[in-house]
Amino acid sequence: MQSRNKSLAYLCSLTLLFSYAEMILPRFVPFFRLGFANTVILIALDIDFGSFIVLSVLKAVSASLMGGTLFSPFFLISLAQSLLSALVMRLLYKLISKKLLSLYGISIAGSAASALIQIGLASFYIGKGTFSLLGPMLIFNTISGALTAFLCEKLKIKENLDFTKIPETEAASQSPQNRTTPALQIILAILLLGLSASIFFIKNLIVLGCTFVLSLIAQKLCKRKIFFIPHLSLWLFIFISMIFVPNGEVLFKFWIFSITKGSLSLALQKALILSTVCALSQCAVCLKPGQNTLLGLSFEYYRLMINRFTEKDGSIINKIIYALNINSKASVSLAKQTLQTQTDTSVQ
């Protein structure tokens, strides 16, 4: 079981590495993500089903914890996206001949499923206006799916990744005084969850504005940097989805669209709520998964990778290759065999 967890944690850390690499790339479309973390899902399509599902969940949880969205609705969307798009790719990989559908086709299908899930779930909160973005998002995700498959083949991770050269983590050597007790972490998690849930019951815009400012202060006190571009992207997404839906008194017209007082007020309210919840979720940086957990081990491997990534000069691809330490012909199948062996043993 220890070898199985080590393999899963390392694969999860790869998703974080690809997410980080994507984050530092220029983003030309504000609220669309390329989803390079799916590269790891593509190379893990033939591991046993249980491990595949665990990896998909780990991918969503670790990314939300790192990105500061764990206690926001975006986590639920991320989790649903990760699970369902991974299942679509797994189903296509297992049921359709490789001669009929290439890795590119599988990746694009998964990206399309991700877009449908994201828009569908977002519409429950923001409204049906979000479906106006479905077309552009499907086009963007088709491109991103192709890029993800290209990256998977370009890096040749599946052929060259050597799990035998994973260094030991240093979690065990950390001083106990520097660790937060599990009980305190549970209390903090419950507090953040409760505060985040209570924000959705506030309707007054002035109160919401003050709450948003306080949440940013709390984020700063937790030593988490404040980035306003994600908030601006979020607001842009919400306003585009909502302000063209008629609701109440017409304030002014834009081309053939009417901007109404009700839709503008509701868009501002929902934007403030989500921004406040996201800022509160940033405080989850204080939560440290236990060193013996899958999440804790994943973050340790990610820390080792990111150190190598940042110290290497050159292109993003060269930095990723260096971080992965791809220098032998050992295949990722080594990890898959370990996962399969552990699964077979547990069944017996």
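Below is a short exchange on how terms apply to this predicted model.

User: What are the ground rules for the model?
Analyst: It is a predicted model, where local features need pLDDT of at least 70, side-chain atom pairs count only at pLDDT 80 or more, and totals for chains, interfaces and linings use all residues. Residues are numbered from 1 along each chain as its sequence is written, and side-chain values use heavy atoms, with hydrogens and water left out.

User: How many helices and strands are in the protein chain, and what makes a run count as one?
Analyst: The protein chain has 14 helices and 2 strands. Both are DSSP runs numbered from the N terminus: helices are H or I with at least four residues, strands are E with at least two.

User: How do you know that the span of helix α12 agrees with expectation?
Analyst: The expected span is 1.5 Å times one less than the number of residues. Helix α12 covers residues 294-311, 18 residues, so it should span 26 Å. Its end C-alpha atoms are 26 Å apart, which agrees.

User: Which residues of α12 are buried?
Analyst: Among them are Leu 295, Phe 299, Tyr 302, Ile 306 and Phe 309. Buried means under 20% relative accessible area, exposed means over 50%, and partly exposed lies in between (1.4 Å probe, protein chains only). Buried residues make up 44% of the 348 residues in the protein chain.

User: Why are α8 and α11 called roughly antiparallel?
Analyst: The axes of helix α8 (residues 182-199) and helix α11 (residues 261-281) cross at roughly 175° and come within 9 Å. Axes are lines fitted to C-alpha atoms, for helices over the stretch in contact, and angles run from 0 to 180 degrees between N-to-C directions. Angles over 145 degrees count as roughly antiparallel, under 35 as roughly parallel, 65 to 115 as roughly perpendicular, and the rest as oblique. Therefore α8 and α11 are roughly antiparallel to each other.

User: Which residues of α8 and α11 meet?
Analyst: Leu 192, Leu 195, Ser 196 and Ile 199 in α8 meet Ile 273, Thr 276, Val 277 and Leu 280 in α11. By class, this contact has 6 nonpolar, 2 polar and no charged residues. Contact means heavy atoms within 4.5 Å. Ala, Val, Leu, Ile, Met, Phe, Trp, Tyr, Cys and Pro count as nonpolar; Asp, Glu, Lys and Arg as charged; the others, Gly among them, as polar.

User: What class does Ser 82 fall in, and why?
Analyst: Ser 82 is buried because its relative accessible area is 4%. Ser 82 belongs to helix α4 (residues 73-95). Beyond four places in sequence, Ser 82 touches Ser 56, Lys 59 and Ala 60.

User: What makes Lys 223 count as buried or exposed?
Analyst: Lys 223 is at 78% relative accessibility, so it counts as exposed. Lys 223 lies in the loop between α9 (205-221) and α10 (228-242). Lys 223 has a positive phi of about 65° although it is not a glycine.
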